[in-house]
Amino acid sequence: MCGIVGYIGNKKAVPVLVNGLHCLEYRGYDSAGIAVLENNKIVVKKDKGRVANLDNMPGINDLEASIGIAHTRWATHGKPSMENSHPHMDNSNQFAVVHNGIIENYNELRAFLTEKGYHFLSQTDTEVIPNLIHYHYTKGVDCEDTFLGAIHAAVNDLKGSYALEVISNLFPDRVVVVRKDSPLVLGKGKEENYVASDIPAVLAYTKDFYLLEDNEYAVVYQDHVQFYDSNLVEHVKEVKVIEWDATAAEKNGYEDFMLKEIHEQPMAIRETIKNRLNLGEKCLFKDLAITKEYLQSLNKIYIVACGTAMHAGLVGKDAIEKLCKIPVEVDIASEFRYRDPIIDEKTLCIYISQSGETADTLAALKLAKRKGAKTLAVTNVIGSSITREADYTVYTYAGPEIAVASTKAYTSQVVLLTVLAVYFAELLGSYEEAKLEELKTEISGLPAKLETVLEEEKTLKDIAEKIYTEHDMYFLGRGSDYHVAMEGSLKVKEISYIHSEAYASGELKHGTIALIENGITVIGVLTNPELTPKSISNIQEVVSRGAKTLVVTNQDLANVSFDYVVRIPETNSLISPILSVVPLQLLAYYISKTKGLDVDKPRNLAKSVTVE
Ligand code: F6R
């Protein structure tokens with residue numbers, strides 16, 4: 001939900017800002033803009049549309065400035081337009097601001113400022129901020145650094161979430177930043193410093209980062225940074241060295257990030273299980289201080305997340321319940337946070353979030369903490385907001401996921417939850433050791449089996465080219481196959497804009513089967529031998545009503561005829577989703593490609609949903 005970049009240093013700011021925005025475009029792509037200090041004046045270049053519009057915008061590449069801020073927008077208040085694009089300036093053109101987040105009380109602030117004589121050019125919530133800064137600056141603030149003091153006073157008037165960057169021609173040697181409930185990191189260079197919504201945006205320039213906390217301010221100069229708490233008391237902050245490879249966030253020859261990330265799944269799983277699962281030994285989670293006694297005291301586990309991460313939670317539930325014998329409930333974060341769930345100190349709440357920044361998931365976590373439960377975060381982004389709120393954090397090591405549609409994060413989350421379930425079961429002694437060892441062997445074999453599934457890419461491309469004109473699709477499955485069907489259906493919806501629904505196979509005939517008509521595509525996932533005969537019967541029911549069928553299976557279904565069958569390797573049914581989801585990811589990808597859509601940046605979406 002909006003990406004921001006900032007730079008102050010010894011080189012031209014514009015290329016750094018625009019490159020950074022290109023990396024952050026997954027966070028929003030409705031409009032883009034920059035503001036730099038050129039000859040002691042703020043120069044703004046912005047427009048609606050993609051970041052690429054900035055690449056050759058008239059005059060932009062002539063700007064010599066070495067200080068600036070930048071923004072790529074996911075519209076919340078006001079449609080995508082030049083006026084609503086960031087940066088926004090105050091009426092005197094002395095303060096320029098970029099903002100990621102939402103100002104909830106902007107109507108009141110707008111009315112207040114209007115009464116004081118300010119006027120507004122946009123419909124955004126953000127435009128109140130530079131004007132508020134100007135208001136406090138001219139009124140006078142009780143702070144030695146009057147720029148910081150004015151920003152602090154303005155921020156104290158705001159309700160909502162924000163990551164803000166401010167520059168002013170009155171203070172040409174600094175960028176001031178602050179965050180609350182929206183991410184912001186600072187990259188430390190030599191005689192230069194960077195600001196960004198996430199690490200990969202500036203990873204090409206530095207590996208040394210300061211991870212800003214909620215309500216923390218930073219005044220960023222060319223050669224140093226000063227940090228302040230919410231009362232403007234200065235403090236020292238440690239640099240964190242990020243060992244990611246900068247090229248991990250590049251396409252490396254793939255046409256799209258999504259395809260690259262689908263192919264990275266074997267590696268992502270290897271990295272996620274490394275050092276945690278060793279055959280013949282007990283699983284190990286080094287920094288997870290969870291004891292047998294604590295696990296024994298639990299009467300319930302909640303898994304809470306949104307979208308794809310929630311689908312991973314559904315699969316994780318099966319593993320935890322089966323291996324640990326603890327009841328698990330899975331909930332959507334936006335529902336959980338408002339439904340007063342029954343939680344106490346005997347509940348463990350697990351929150352899954354690739355980005356670690358999803359607003360609803362964070363709010364749901366804070367709720368459980370207030371109710372006395374311990375919270376465990378499963379995330380992919382080091383130092384993300386969720387890691388700072390949760391009692392415990394376990395990371396998936398999938399590497400940066402850039403495509404808006406999540407793929408490798410999902411499979412890494414499922415594998416991590418399964419290894420966690422094995423770890424808990426070993427602590428509890430709740431499952432037969434030999435069977436756990438068999439499961440661990442199967443988990444270790446997943447990367448190789450995934451490589452085999454990826455060999456089906458051409459088949460899926462061919463199928464996609466035959467069915468891409470469909471208007472509706474139905475995904476069916478039982479048990480964890482149903483959960484994979486849900487994920488496959490979401491992938492098709494979000495990147496190919498085809499209406500699709502997922503149903504538990506047995507549920508179809510309780511209403512939805514009325515929609516099945518000649519030629520409609522039904523996709524079945526059949527990986528659990530115990531449930532296969534039942535699922536086959538359900539698919540036959542739609543075949544008799546004229547449906548075309550694609551079946552993803554790990555079994556020999558020679559006696560049954562479907563239009564398309566994609567065969568995947570066999571494995572333990574607790575982890576079969578990690579294999580069976582891949583053909584569905586590839587199918588969605590190639591449908592979207594065949595339709596000529598922007599796979600990595602589907603309409604109306606953003607990678608990181610930092611608003612409610
Ligand atoms: C779909 C997708 C979303 C995310 C959801 C949660 O492909 O990516 O459904 O899974 O927005 O995001 P995180 O995991 O960052 O909390």
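Student: Which residues in helix 13 meet residues in helix 19?

Tutor: First, a word on the source: this is a predicted model, in which local features need pLDDT of at least 70, side-chain atom pairs count only at pLDDT 80 or more, and totals for chains, interfaces and linings use all residues. Residues are numbered from 1 along each chain as its sequence is written, and side-chain values use heavy atoms, with hydrogens and water left out. Helices (H or I, at least four residues) and strands (E, at least two) are DSSP runs, numbered from the N terminus, and contact means heavy atoms within 4.5 Å. From helix 13, Tyr410, Thr411, Val414 and Val415 meet Pro577, Ile578 and Val581 of helix 19. By class, this contact comprises six nonpolar residues, one polar and no charged. Here Ala, Val, Leu, Ile, Met, Phe, Trp, Tyr, Cys and Pro count as nonpolar, Asp, Glu, Lys and Arg as charged, and the others, Gly among them, as polar.

Student: At what angle do helix 13 and helix 19 pack?

Tutor: Two packed helices are described by the angle between their axes and the distance between the axes. Axes are lines fitted to C-alpha atoms, for helices over the stretch in contact, and angles run from 0 to 180 degrees between N-to-C directions. Helix 13 (residues 408-428) packs against helix 19 (residues 576-594) at about 170 degrees, the axes being 9 Å apart. That makes the two helices roughly antiparallel; angles under 35 degrees count as roughly parallel, over 145 as roughly antiparallel, 65 to 115 as roughly perpendicular and the rest as oblique.

Student: How are helix 14 and helix 15 oriented to each other?

Tutor: The axes of helix 14 (residues 433-444) and helix 15 (residues 446-454) come within 5 Å and cross at roughly 45 degrees. These two helices are therefore oblique to each other. Glu442, Ile443 and Ser444 of helix 14 meet Leu446, Pro447 and Lys449 of helix 15, a contact of three nonpolar, one polar and two charged residues.

Student: In what order do the strands of the five-stranded sheet run?

Tutor: Two strands pair if DSSP finds at least two bridges between them. The open sheet has the order 17-16-18-19-20, with parallel pairing. Strand 17 (328-332) and strand 20 (392-395) stand at the edges with a single partner strand each, so one side of each has no neighbour in the sheet. From one strand to the next, the twist averages 20 degrees. Strand 16 (residues 300-305) pairs with strand 18 (residues 347-353) in the parallel sense over five bridges, and Val304 has Tyr351 in strand 18 as its bridge partner.

Student: Which strands does helix 9 touch?

Tutor: Helix 9 (residues 307-324) packs on the sheet and touches strand 16, strand 17 and strand 18, its direction making about 175 degrees with that of strand 17. Helix 13 also packs on the sheet, touching strand 18, strand 19 (374-379) and strand 20, and its direction makes about 155 degrees with that of strand 18.

Student: How much space lies in the largest pocket?

Tutor: Rolling a probe the size of a water molecule over the atoms shows where empty space is left. On a 1 Å grid over the protein atoms alone, a cavity is a set of points where a 1.4 Å probe fits but cannot get out, and a pocket is an open set with protein on both sides within 12 Å along at least five of seven lines; lining residues have an atom within 4 Å of a point. Grid points are joined across faces, edges and corners, and a volume is the space filled by probe spheres set on the points. The largest pocket holds about 800 Å³. Of its 33 lining residues, Glu271, Arg276, Tyr395, Thr396 and Tyr397 are the closest to its centre.

Student: Which element gives the largest share of the lining of the second largest pocket?

Tutor: Helix 9 does, with four residues. This pocket has a volume of about 650 Å³.

Student: Where is Pro87 found?

Tutor: Most residues other than glycine have a negative phi, and most peptide bonds are trans. Pro87 is in the loop between strand 4 (67-73) and strand 5 (88-89), and a cis peptide bond joins His86 to Pro87, with omega about 0 degrees. Asp181, in the loop between strand 8 (171-180) and strand 9 (185-188), has a positive phi, near 60 degrees.
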